[in-house]
Amino acid sequence: MPIELKNVRFNYDLLDQPLFDDVSLTLDESWRLGLIGRNGRGKTTLLKLLMGQLDYEGEIVTNLDFVYFPLPIMSPELPVYTAIDEVMPLELWKLERECQLLGMNKAIIWEPFSKLSGGEQTRVMLAALFCDNDRFALLDEPTNHLDLQGRRQLADYLQKKRGYIVVSHDRHFLDTVIDHTLVIERSQIALYHGDFSTYEEQKQFQDQFELDQNKSLKSEIARIEQSAKEKSNWGLEREKPSGNDPFGNAIAKRMMKRGKAIEQRAAAKIEEKKKLLKNIEKISDLTIHCVRTHRNPVLRVKNFTLRYGDEPLFEPISFELFQGEQVAITGPNGSGKTTLLHYLQGKRDGVKASGEILIPQGITKSTVSQTATHHGLLKDFAEKHAIDYSLFLNHLRILGFTRDVFQVPIEEMSEGQKKKVELSKSLGIEAEWYLWDEPLNYLDVYNQQQLEKMIKEHQPTLLFVEHDHVFVERVACKVVELK
């Protein structure tokens, strides 16, 4: 059963250019389709169009019943089963079965939804989506908030399912769970048969071909234009009044005509050249305003743990963070990683600590929150957080923002754009110490590479939580695992 898009056109009122313009595609319901593209290109919007949640021009034809992740939980204080059943009715035994297939104890469905960690909430919602095989799942960033083990379990789980569309920027995960790739590029939507690595190889080959073709055309255009100019100039000189030479004048006219023809060839080559490079991504380098001082260590932790009530969140840990070091906090979902970062920032409501923490008095910090919620225009946001507005916009541009997004209220941006706002805020704050909670959530592959390069070049003093093991291996000087 196909999903057909016929001449689909869509644009948000605040944007100058349409997100989708005359898009025609045929997708098969049996495909495990990966939907990828830079943040703000319209991945979530495309899923919403399939769900019939937005008005558009053109036609989308399908008989499929779509279901979308994440679910719009209305009453998170209720038990998991009740909270999910409220927005998507389902049978209890099916939810228990799918939870167990995702490596969870079925008793979790009677816990309050709000008390679950981000990874646990992700997995119970995914379990709910696949309770009914007649639904076609649209999975929007399901790997966010999942630890490494959770991502492996989800990959194993999805390999046993038939037909879905998944948005993710985790390359290893995509290679495991997809067999087709739909890419929203700068000026087109392209469909590739194969996983993410297959797409990446073909994309690199195509980009290099266009770069080589562009270089060759530039050289050819210059040669043609020079030849046309020489022949035209020669013809003009010979046509100047210089007595009766009808034979010479005829040759001059032919040379001028030939020059015009060569100019037309050059114009055709220029038009051919304009078709190239339209989908090659332009990636610039990020900067960070890190401050170096004499104070060391920036953080000393000795036999430290946190607890709610009498139950410790993790076994006691000991480590030190020195200036210019990057330390990763890892561990399974629910082990207390975010709680630890909150405690270090002074957010200590309801949590008790034992052990020792030493932080130099008055040290300046800059943070990236996992679940930051911001509202209003970018200019007001910059003023509120006392950051340089021009620098803030520059960071956003480097991360892939287009100018027409600058006037969009933050609450109306995509999740990836919101994450870039939070990250750009942190980059623009002069600080001795940076605390980042899952900075890669919702960021595309190019942004991940930008962050890796920036950290290696500038060496900020950084304590961060991240589940992407490749990023941790490339960036961290030390790894502290919460058990």
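In this predicted model, the largest nonpolar core has 46 residues, and those with the most contacts inside it are Leu95, Val124, Leu139 and Leu158. Helix α4 gives the most to this core, with 6 residues. Apart from it lies another core, of 25 residues, which includes Leu5, Phe10, Phe136 and Val167.

**Surroundings of Leu95**

- Once neighbours within four places in sequence are left aside, Leu95 is in contact with Tyr81, Leu90, Ile109, Val124, Ala127, Ala128 and Cys131.
- As general background, nonpolar side chains tend to be buried together in soluble globular proteins.

**Packing of α3 against α4**

- Helix α3, spanning residues 92-101, packs with helix α4, spanning residues 118-129, at an angle of about 125°, and their axes are 8 Å apart.
- The two helices α3 and α4 are therefore oblique to each other, and α3 passes α4 in a right-handed crossing.
- On the α3 side the contact is made by Leu95, Glu98 and Cys99, while α4 provides Val124, Ala127 and Ala128.
- Sorted by class, this contact of α3 with α4 has 5 nonpolar residues, no polar residues and 1 charged residue.

**Helix α9 and the residue after it**

- Of the 8 residues of helix α9 (residues 337-344), 6 are buried, so this helix is largely enclosed by the rest of the structure.
- The buried residues in α9 are Lys337, Thr339, Leu340, Leu341, Tyr343 and Leu344.
- Glycine 346, which follows α9, has a positive phi, near 90°.

Key. Residues are numbered from 1 along each chain as its sequence is written. This is a predicted model: local features need pLDDT of at least 70, side-chain atom pairs count only at pLDDT 80 or more; totals for chains, interfaces and linings use all residues. Side-chain values use heavy atoms; hydrogens and water are left out. Axes are lines fitted to C-alpha atoms, for helices over the stretch in contact, and angles run from 0 to 180 degrees between N-to-C directions. Helices (H or I, at least four residues) and strands (E, at least two) are DSSP runs, numbered from the N terminus. Angles under 35 degrees count as roughly parallel, over 145 as roughly antiparallel, 65 to 115 as roughly perpendicular and the rest as oblique. A crossing is left-handed if the near helix is turned anticlockwise from the far one by less than a right angle, and right-handed if clockwise. Contact means heavy atoms within 4.5 Å. Ala, Val, Leu, Ile, Met, Phe, Trp, Tyr, Cys and Pro count as nonpolar, Asp, Glu, Lys and Arg as charged, and the others, Gly among them, as polar. A nonpolar core is a set of buried Ala, Val, Leu, Ile, Met, Phe, Trp, Tyr and Cys residues joined through side-chain atoms within 4.5 Å. Buried means under 20% relative accessible area, exposed over 50%, partly exposed in between (1.4 Å probe, protein chains only).
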